[in-house]
There are 2 protein chains.
Amino acid sequence: MGGDHGPSVVIPAVARALAELPERVSFLLHGDEAVLAPEIARHPGAAGRVTIRHADKVIGMDEKPAQALRRSKGSSMWNAVEAVREGEAACAVSAGNTGALMAISKLILRMSVDLDRPALVASIPTPKGVTTFLDVGANVDCDAERLVEFAIMGEAYHRAAHGKAHPTIGLLNVGAEEMKGHDEVREAHSVLRQGGFDMDFRGFVEGDDITKGAVDVVVTDGFTGNIALKAMEGAGRFVVGELRTALKSGALATAGALLARGALMKFGERVNPPPTAPFLGLNGLVLKVHGGASARDFAQALRVAMDLSQSDFAAEIERNMRRLPAALAETSSEPSPEPGNEPAEGAD
Amino acid sequence: MGGDHGPSVVIPAVARALAELPERVSFLLHGDEAVLAPEIARHPGAAGRVTIRHADKVIGMDEKPAQALRRSKGSSMWNAVEAVREGEAACAVSAGNTGALMAISKLILRMSVDLDRPALVASIPTPKGVTTFLDVGANVDCDAERLVEFAIMGEAYHRAAHGKAHPTIGLLNVGAEEMKGHDEVREAHSVLRQGGFDMDFRGFVEGDDITKGAVDVVVTDGFTGNIALKAMEGAGRFVVGELRTALKSGALATAGALLARGALMKFGERVNPPPTAPFLGLNGLVLKVHGGASARDFAQALRVAMDLSQSDFAAEIERNMRRLPAALAETSSEPSPEPGNEPAEGAD
């Protein structure tokens with residue numbers, strides 16, 4: 001029922017997924033049966049693979065998370081997440097209210113790691129493919145331990161979602177040298193380097209490495225991640241907006257844009273980020289789809305849900321998490337490198 | 001002598017400035033006289049308005065700041081900054097090594113505010129003009145007091161550089177509500193709101209507001225600022241790179257791009273950030289010009305140097321700085337707003 005378009009996007013997405021995903025994949029549709037039943041009945045493939053679970057209540061897109069949470073029990077969103085806890089569903093997928101989905105997921109599934117909230121992941125397009133970027137807003141204050149947890153979860157997610165056996169990991173900082181940055185990133189760097197994790201850690205990366213695809217997974221705290229993500233989105237929109245203005249600025253430009261129309265449309269698709277964001281760190285899988293997602297986007301999210309569900313993702317996270325206490329203890333017993341009084345080591 | 005192109009950019013820039021700026025503006029050129037003298041002699045307007053100050057040493061673009069600092073005395077960069085301290089020059093302008101220029105400036109001019117290093121400012125193009133964004137990398141750990149100092153200095157700089165009488169100020173955060181973010185930004189928000197500064201403070205802004213031009217000056221710590229700046233630059237380069245690829249992807253696209261060539265070139269100019277960054281918080285004016293700047297860019301920096309030199313900038317900063325101790329004391333005596341246990345208040 002969620003997202004900007006509700007069932008008018010979700011139903012065609014399920015229809016696409018029914019055609020594209022293996023027969024063994026089936027769907028629970030949570031929401032208003034009176035709306036969903038006639039819609040889904042138009043898709044003949046749905047019989048036997050789609051079950052409607054009626055819910056009276058729907059969480060609004062603009063409700064505050066705390067307020068939504070109080071009245072959420074029995075809503076379509078609540079029921080979708082509860083089905084994951086009950087083992088009826090392998091993954092919950094929603095285009096609804098992000099804050100509410102996060103709060104409901106945390107309440108029903110509980111955290112599997114020591115975080116305030118699930119880590120929020122963004123997928124950033126690059127010339128090489130996609131960078132997995134986290135945390136982009138859920139955990140504002142992060143110590144070294146949390147940054148390492150993001151690295152462990154992001155690595156496993158990237159492998160499961162993109163099928164890359166050995167994703168590379170970078171830690172976001174203001175420079176590539178080990179002396180740079182604040183205490184938390186320098187400590188996380190030491191732990192990741194020396195902690196004996198099953199992970200290809202490549203050290204510090206900088207802001208522009210995210211869109212370069214310098215590494216597969218870029219790790220940062222939720223404050224920096226949220227701001228960097230929105231800053232990149234803003235920069236992208238600004239550049240595309242200026243391009244649009246330029247291509248309408250005269251007859252020649254307009255004619256040129258018309259000729260190049262096919263190429264410009266492909267360009268638009270290339271620079272748009274994938275619309276799916278997992279919540280990491282829960283006892284169960286929840287995928288958030290962008291509120292404005294199209295049916296094609298939402299169907300793509302259902303494919304990611306399938307890939308994650310059948311991956312070894314949770315076990316891989318657990319294996320590395322078990323190394324974490326020892327890794328933290330080893331690193332903190334060493335003399336930590338002094339930031340030093342070098343001039344301008346902050347800037348790069 | 002600095003920058004990627006050295007005198008081959010600086011000399012033509014000075015020649016432009018000689019033609020464009022008032023007659024009373026004159027220049028001290030620091031560097032190798034054997035290189036500079038014949039070059040500048042080709043410009044007839046230079047006589048009487050350009051003085052060459054010979055320096056044997058040049059700081060390399062790749063030298064580490066600490067290493068550069070040790071051997072910097074008597075270099076062209078050192079002499080340029082020293083001329084500001086001695087009152088011979090109103091402003092030092094350099095396209096050289098950023099870290100070295102920052103370290104030398106701090107050593108020679110000393111800080112006028114309570115910061116580790118001068119704040120580094122970026123100018124971000126927006127559909128409305130330019131956003132002044134600081135600190136973009138010099139001060140990695142920032143408490144509320146430092147954030148307020150950035151606001152005070154950024155406001156005065158924006159007015160002086162862009163001629164806007166009442167610039168608007170925003171504090172970068174993960175959401176616009178007062179409860180969001182970490183302690184330092186929430187405290188800085190209170191101080192700016194209640195401190196009685198001569199400033200149009202508009203509260204919190206988000207990452208995408210930087211390129212929207214939602215406010216004139218966006219304030220953040222040097223860690224977040226450096227990462228957000230590079231993330232935006234990276235996103236811009238990615239989008240422009242994909243556009244270039246798309247426009248070479250076939251005969252129609254290439255023909256279209258050829259027709260729209262003039263518009264695309266204007267677009268390129270619109271999205272490129274202005275190449276000048278002041279170091280704020282010093283007892284004296286120092287402007288850093290991007291290493292790859294063209295003669296036109298460098299001439300533009302010389303105009304900014306003139307505007308700053310004849311502005312009331314330093315006095316305005318001092319006036320607001322004098323309010324700061326009282327403002328901090330007032331705010332810290334109030335009960336600070338609790339972050340609360342609201343779900344997902346970190347994300348937005």
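Visitor: Which residue is the bridge partner of Thr132(B) in strand 8 of chain B?

Guide: The partner of Thr132(B) there is Val217(B). This is a predicted model, in which local features need pLDDT of at least 70 and side-chain atom pairs pLDDT 80 or more, while totals for chains, interfaces and linings use all residues. Residues are numbered from 1 along each chain as written, chains are lettered from A and ligands numbered from 1 in written order, and side-chain values use heavy atoms, without hydrogens or water.

Visitor: What makes strand 5 and strand 8 of chain B a pair?

Guide: Strand 5 (residues 129-134) and strand 8 (residues 217-219) of chain B run parallel and are joined by 3 bridges. Pairing requires at least two bridges found by DSSP, so these strands pair. Strands (E, at least two residues) and helices (H or I, at least four) are DSSP runs numbered from the N terminus.

Visitor: Which helices of chain B pack on the sheet, and what do they touch?

Guide: Helix 4 (residues 76-85) of chain B touches strand 3 and strand 10 (285-289). Helix 9 (residues 222-247) of chain B touches strand 4 (119-126), strand 5 and strand 6 (168-172). Touching here is contact, heavy atoms within 4.5 Å. Helix 4 of chain B makes about 160° with strand 3, and helix 9 of chain B about 145° with strand 5. Such angles run from 0 to 180 degrees between N-to-C directions of lines fitted to C-alpha atoms, for helices over the stretch in contact.

Visitor: Why are strand 3 and strand 7 of chain A called edge strands?

Guide: The open sheet of chain A has 8 strands in the order 3-10-9-4-5-8-6-7, with mixed pairing. Strand 3 (91-94) and strand 7 (200-205) of chain A each pair on one side only. Neighbouring strands of this sheet are turned by 25° against each other on average, direction ignored.

Visitor: How do you know that the crossover from strand 6 to strand 7 of chain A is right-handed?

Guide: Strand 6 and strand 7 of chain A run parallel, joined by 4 bridges, and Ile169(A) has Phe201(A) as its bridge partner in strand 7. The chain passes from strand 6 through helix 7 of chain A to strand 7, as a right-handed β-α-β crossover. With the strands pointing away from the viewer, the path from the first strand over the helix to the second therefore runs clockwise.

Visitor: Why is Phe133(A) called buried?

Guide: Phe133(A) has 0% relative accessibility. Buried means under 20% relative accessible area, exposed over 50% and partly exposed in between (1.4 Å probe, protein chains only), so Phe133(A) counts as buried. Phe133(A) is in strand 5 of chain A. Beyond neighbours within four places in sequence, its contacts include Leu120(A), Leu172(A), Ile210(A) and Met232(A).

Visitor: How many residues where helix 1 meets helix 2 of chain B are nonpolar?

Guide: The axes of helix 1 (residues 7-20) and helix 2 (residues 33-41) of chain B come within 10 Å and cross at roughly 40°. Helix 1 of chain B contributes Pro7(B), Ile11(B) and Val14(B), and helix 2 of chain B contributes Val35(B), Leu36(B), Glu39(B) and Ile40(B). They divide into 6 nonpolar, no polar and 1 charged. Nonpolar covers Ala, Val, Leu, Ile, Met, Phe, Trp, Tyr, Cys and Pro, charged covers Asp, Glu, Lys and Arg, and the others, Gly among them, are polar. Glu39(B) is therefore the charged one.
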